[in-house]
Amino acid sequence: MQLDEFEQIKADFQKADVDRKVTMYVEAQGLTQDQYKELLRMFPLDQLNKLEAALQ
């Protein structure tokens, strides 16, 4: 994914509530492993169970 596209996703991700973050993370396509990691670092640690459930 192009850097400018990812920067927009990252900005939207940062502003989103937890449910929207889960949706964005799960539905994201074309991200590199490092880009996924960057989004994951912005995810609230106390809500990781929601993300884990959505990924299964």
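User: What makes K50 and D19 a salt bridge?

Analyst: The closest N and O atoms of K50 and D19 are 3.9 Å apart. A salt bridge requires a side-chain nitrogen of Lys or Arg within 4 Å of a carboxyl oxygen of Asp or Glu, so the pair qualifies. This is a predicted model, in which local features need pLDDT of at least 70 and side-chain atom pairs count only at pLDDT 80 or more, while totals for chains, interfaces and linings use all residues. Residues are numbered from 1 along each chain as its sequence is written, and side-chain values use heavy atoms, with hydrogens and water left out.

User: Why is K50 called partly exposed?

Analyst: The relative accessibility of K50 is 38%. Buried means under 20% relative accessible area, exposed means over 50%, and partly exposed lies in between (1.4 Å probe, protein chains only). K50 therefore counts as partly exposed.

User: Which residues are linked in a network of salt bridges?

Analyst: The network links E7, K10 and E38. K10 meets E7 at 3.5 Å, N to O, and the closest N and O atoms of E38 and K10 are 2.5 Å apart. E38 lies in helix α3 (residues 33–41) and K10 in helix α1, so this pair ties together parts that are 28 residues apart in sequence. K10 and E7 are three residues apart in helix α1 (residues 3–15), which means a separation of about one helical turn.

User: What makes L40, L45 and L48 a nonpolar patch?

Analyst: A patch consists of residues with over 30% relative accessible area and no salt bridge; nonpolar side chains (Val, Leu, Ile, Met, Phe, Trp, Tyr) are joined within 5 Å, and like charges within 9 Å. L40, in helix α3, has a relative accessible area of 34%, so L40 passes the area cut-off. Together, L40, L45 and L48 have about 270 Å² of accessible area.

Terms used
Helices (H or I, at least four residues) and strands (E, at least two) are DSSP runs, numbered from the N terminus. Accessible areas come from the Shrake-Rupley method with a 1.4 Å probe; for residues, only the protein chains shown count as cover.
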